[in-house]
Amino acid sequence: MAWLVALGCLLGPAASAQSTRFEVRSAYVEPADRVFELNATLNFDLPEGARAAIREGVPMTLHLEIVVKRQRNYWLDETVATLDQGYELAYRALSERYQVRNLNSGEQASYATLDAALDALRVISRLPILDQALVSPNRRHEISVRGSLDVRTMPDALRFVLFWSADWRQRSEWYTWSPQL
C-alpha cells in the first residue's frame with residue numbers, strides 16, 4: 001500500500017512541476033592527523049513527490065564524487081585520488097525518525113524531521129579524502145567535487161516511473177578549486 005501512495009505522489013503534478021537546482025556551494029580541505037579532510041556545503045531541495053516517497057519508506061542516496069589531481073606543466077594532470085562517498089536517507093517507521101547513514105563508514109545519525117535530515121546532508125564536515133603522503137610538496141593540486149541524487153536504490157517499479165522525472169535525477173556541476181596543500 002505504501003508503494004501505491006508513493007507512486008501516486010510521484011505521478012502527481014507536484015513531482016513534475018517543481019524543478020530544483022543542485023549545486024556544491026562551497027568546499028575546502030583542512031589537514032588533520034596525516035590526512036586532508038573535506039568540508040563542503042551543498043544546495044539542493046526535493047520536490048514534494050520525493051519528500052512523500054521518503055516519508056513512505058523509499059530510501060534516497062546522495063553520492064559525492066571527489067577527484068584530486070596533481071597539475072603538471074607539460075603533460076596531462078595526474079589523478080592522485082578518487083573517492084565515491086555515499087549517504088542514504090531513509091525513514092524508519094518503527095521509531096518514526098529519519099536516518100542518515102554513511103555508506104562508506106557505516107556511521108549513522110537519527111533526526112526527528114525530514115528537513116533536519118536534509119540539512120545534515122547539505123553540510124559535509126571533516127570527511128577524510130586524501131592521505132597527506134600522496135601530496136607532492138611544492139606542486140599544485142586541484143580538487144573537484146560533484147554531488148548527485150541516486151534513484152538506483154529504489155524498487156524496480158518506482159525506478160521505471162522515476163526514470164522520466166528529472167527531479168529525481170539531480171546532479172550538480174563540478175566544483176573545482178586549487179588549494180594550497
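Glu30 counts as partly exposed because its relative accessibility is 35%, where buried means under 20% relative accessible area, exposed over 50% and partly exposed in between (1.4 Å probe, protein chains only). The structure is a predicted model, in which local features need pLDDT of at least 70, side-chain atom pairs count only at pLDDT 80 or more, and totals for chains, interfaces and linings use all residues. Residues are numbered from 1 along each chain as its sequence is written, and side-chain values use heavy atoms, with hydrogens and water left out.

**Glu30**

- Glu30 belongs to strand β1 (residues 23–32); helices (H or I, at least four residues) and strands (E, at least two) are DSSP runs, numbered from the N terminus.
- With neighbours within four places in sequence left aside, Glu30 is in contact with Val35, Phe36, Glu37 and Asn39, contact being heavy atoms within 4.5 Å.
- The side chains of Glu30 and Asn39 are joined by a polar contact of 3.3 Å. A polar contact is a pair of N or O atoms within 3.5 Å; within protein, one must be able to donate a hydrogen and the other to accept it, and residues adjacent in sequence count only if both atoms are side-chain atoms.
- Arg126 is 96 residues from Glu30 in sequence, and the C-alpha to C-alpha separation is 8.1 Å.

**Strand β8 and its partners**

- Strand β8 covers residues 141–150 and is mostly covered, with 9 of its 10 residues buried.
- Strand β3 (residues 60–70) runs antiparallel to β8 and is joined to β8 by 10 bridges; two strands pair if DSSP finds at least two bridges between them.
- In the pairing of β3 with β8, Leu62 stands opposite Leu149.
- Strand β9 (residues 175–177) also pairs with β8, in the antiparallel sense, over 3 bridges. Here Ser144 stands opposite Thr176 in β9.

**Helix α3**

- Helix α3 (residues 48–55) is mostly covered, since 6 of its 8 residues are buried.
- The buried residues of α3 are Gly49, Ala50, Arg51, Ala52, Ala53 and Ile54.

**Largest cavity**

- The structure holds 1 cavity of 30 Å³ or more. On a 1 Å grid over the protein atoms alone, a cavity is a set of points where a 1.4 Å probe fits but cannot get out, and a pocket is an open set with protein on both sides within 12 Å along at least five of seven lines; lining residues have an atom within 4 Å of a point.
- The largest cavity has a volume of about 50 Å³, a volume being the space filled by probe spheres set on the points, which are joined across faces, edges and corners.
- Its lining includes Ile54, Leu62, Tyr87 and Leu149.
- β3 gives the most to this lining, with 3 residues, and β3, β4 and α4 each supply at least two.
- By class, the lining of the largest cavity has 10 nonpolar, 1 polar and no charged residues. Ala, Val, Leu, Ile, Met, Phe, Trp, Tyr, Cys and Pro count as nonpolar, Asp, Glu, Lys and Arg as charged, and the others, Gly among them, as polar.

**Largest pocket**

- The largest pocket holds about 410 Å³ of space.
- Its lining has 19 residues, of which Tyr87, Asn102, Ser105, Glu107 and Ser125 lie nearest the centre.
- Two or more lining residues come from each of β4 (78–92), β5 (97–102), β6 (108–111), α4 (114–122) and β7 (123–131); β7 gives the most, with 6 residues.
- The lining of the largest pocket has 10 nonpolar, 6 polar and 3 charged residues.
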